[in-house]
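Please keep the sequence and the model in view while reading.

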Amino acid sequence: MQFALTEDQTAVRDMARGFADEKIAPHALKWDEDKHLPLDVIREAAALGIGGIYIKDDVGGSGMSRFDAALIFEALATGCPAVSSFISIHNMAAWMIDGFGSLQQRRKWLPQLCTMEKVASYCLTEPGAGSDAAALRTRAVRDGDHYVVNGQKQFISGGGVSDIYVTMVRTGAEGAGGISALVIDGKTPGVSFGANERKMGWNAQPTRAVIFENARVPVAHRLGDEGIGFKIAMAGLDGGRLNIAACSLGGAQAALDKSLAYMKVRKAFGKRLDEFQALQFKVADMATELEAARTFLWRAAASLDAKSPDASMLCAMAKRFATDVGFEVANDALQLHGGYGYLSEYGIEKIVRDLRVHQILEGTNEIMRVIISRKLIEGAR
Amino acid sequence: MSDTADLTFLQTLRRVLHQERQIESGTVIYNLPVPFGFRSS
Ligand SMILES: Cc1cc2nc3c(=O)[nH]c(=O)nc-3n(C[C@H](O)[C@H](O)[C@H](O)COP(=O)(O)OP(=O)(O)OC[C@H]3O[C@@H](n4cnc5c(N)ncnc54)[C@H](O)[C@@H]3O)c2cc1C
């Protein structure tokens, strides 16, 4: 068992952290306020290899591991969790093409996705099917060498901005076995987008409904066979959950670091805040929780890299734990800042707002418990 | 993806490390240019 990062892992993390410090952090508050998606900066990150971290390198990917990705997304999220998670969803959607697409499909889409000249979104959720995603109703009916797609996807990150939508559709009967995955170009006639949702956080990236009205999608754009779309969607989410967990850690670490700096200069009752033992214990607990979550996330990432049979359960556990810890640590950091923490210019309340949604998306933390308990109960039978 | 000038930081890192291991094991003795860090050109 290896607990220290290797030299190359340290280099990967430092590169991403350097990028976050220089190119993301100084602008994060403004992007949040302006609801601006910084695609130019995101493409600069892609030029470093961050657009296809665990995509194979014959199509321009970096060919790195899930573990490396966890290091990168944590580091990027110290600058802005919303930007880091946008890149993480793109990586997840691109990986679904890499993992389940034919050589021809991989060559068609992945080179431009790795450079992020084109951006990908992941479309599973519908207005009537969130946690119960296998109940989705967007239908794709075969018509010659095309599918005719009708339905609506809800809450799609990057909706309206992305070029490519990896979309789970129903091609067969009810239930998970009737679902297929289609790669749909956003410019296809019959594809349209809802308004940019007004949200609590994640303002540096758009969230929109994606609407399909008789959109004709080539059968050649289907990933794998008919009926395996749900499996593809869930496989994507295993890695996606690690990435979102990593984004929570990065945001929370930044909030803790800001708190330590603030406690050094802020005085009350004639003492610096960092001289109060109650507050010293608070930061000790915050750092301990974060370290526990980080160590666990690394274990889950290593298990996914090793394709271990309990990897999905560990990914669900790590997502539940790290996103809860991340939110709590950020909220504690806000408390440590007193009233100033509530003001936007200190940058803490933005982190709290951004991290809140990590407990909801890519499977709510209740659904993580469903996944974990199902596996435990199956194992006990 | 064979032209090293076109490699991203992460691709280069992976190749260089792979090569270092080969150098250590005595199979290869040449070097790739290493554009380390996004700041360097
Ligand atoms: C900002 C944002 C971005 C998103 N981006 C994407 C995206 O890019 N692509 C995408 O496909 N989706 C995306 N989503 C959707 C997200 O994944 C869903 O919101 C989430 O899965 C929950 O679904 P729901 O909102 O329909 O809640 P519901 O499923 O209606 O759940 C409501 C509540 O009931 C609980 N619950 C439901 N079932 C159970 C159960 N069996 N046991 C216990 N509790 C249960 C839930 O945990 C939750 O607390 C995004 C959401 C947001 C807010």
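**A buried charged pair and its surroundings**

Asp354(A) has a relative accessibility of 0% and therefore counts as buried, where buried means under 20% relative accessible area, exposed over 50% and partly exposed in between, with a 1.4 Å probe and protein chains only. The model is a predicted one, in which local features need pLDDT of at least 70 and side-chain atom pairs count only at pLDDT 80 or more, while totals for chains, interfaces and linings use all residues. Residues are numbered from 1 along each chain as its sequence is written, chains are lettered from A and ligands numbered from 1 in the order in which they are written, and side-chain values use heavy atoms, with hydrogens and water left out.

**Salt bridges within chain A**

- Over all chains, the whole structure holds 19 salt bridges, each being a side-chain nitrogen of Lys or Arg within 4 Å of a carboxyl oxygen of Asp or Glu.
- Asp354(A) takes part in a salt bridge with Lys350(A), with 2.5 Å between the closest N and O atoms.
- Lys350(A) is also buried, at 4% relative accessibility.
- Lys350(A) and Asp354(A) are four residues apart in helix α10 of chain A, and are therefore separated by about one helical turn; helices (H or I, at least four residues) and strands (E, at least two) are DSSP runs, numbered from the N terminus.
- Salt bridges with shared partners also join Lys56(A), Asp58(A), Asp98(A) and Arg106(A) into one network.
- Another salt bridge is formed by Arg294(A) and Glu74(A), whose closest N and O atoms are 2.7 Å apart.
- Because Arg294(A) lies in helix α8 (residues 277-305) and Glu74(A) in helix α4 (residues 66-77) of chain A, this pair ties together parts that are 220 residues apart in sequence.
- Arg294(A) and Glu74(A) are both buried, and the relative accessible area of Arg294(A) is 9%.
- Arg294(A) also forms a salt bridge with Glu291(A), at 3.0 Å between the closest N and O atoms.
- Glu291(A) and Arg294(A) both belong to helix α8 of chain A and are three residues apart, about one turn of the helix.
- Glu291(A) counts as partly exposed, at 42% relative accessibility.

**Aromatic pairs**

- A pair of aromatic rings is described by the distance of the centres and the angle of the planes.
- Six aromatic pairs are found over all chains; rings of Phe, Tyr and Trp (its six-membered ring) pair if their centres lie within 6.5 Å, and planes under 30 degrees apart count as stacked, over 60 as edge-to-face and the rest as tilted.
- One of them joins Trp95(A) and Phe100(A) edge-to-face, at 5.8 Å centre to centre and 85° between the planes.
- Trp95(A) counts as buried at 17% relative accessibility, whereas Phe100(A) counts as partly exposed at 22%.
- Tyr262(A) and Tyr346(A) have ring centres 6.2 Å apart and planes at 85°, so this pair is edge-to-face.
- Tyr262(A) lies in helix α7 (residues 229-265) and Tyr346(A) in the loop between α9 (311-336) and α10 (348-356) of chain A, so the pair ties together parts that are 84 residues apart in sequence.
- Tyr262(A) is buried at 12% relative accessibility, and Tyr346(A) is partly exposed with a relative accessible area of 29%.
- Tyr262(A), Tyr340(A) and Tyr346(A) are linked by ring pairs into a cluster.

**Contact between chain A and chain B**

- Chain A gives 20 residues to the contact and chain B gives 12 residues, contact meaning heavy atoms within 4.5 Å.
- About 1400 Å² is buried between chain A and chain B, with carbon and sulfur atoms giving 67% of the area; buried area is the accessible area (1.4 Å probe) that two parts lose on being put together, summed over both.
- One salt bridge is counted between chain A and chain B, and in it the side chains of Arg14(B) and Asp57(A) meet at 3.4 Å, N to O.
- On the side of chain A that touches chain B, α1 (7-24) and α3 (39-47) of chain A each supply at least two residues, and α1(A) gives the most, with eight residues.

**Positive phi values**

- Most residues other than glycine have a negative phi.
- Met116(A) has a positive phi, near 60°, and is found in the loop between α6 (103-114) and β1 (120-123) of chain A.
- Trp202(A) has a positive phi, near 50°, and lies in the loop between β6 (191-193) and β7 (207-218) of chain A.
- Met116(A) is buried with a relative accessible area of 1%, and Trp202(A) is buried with 2%.
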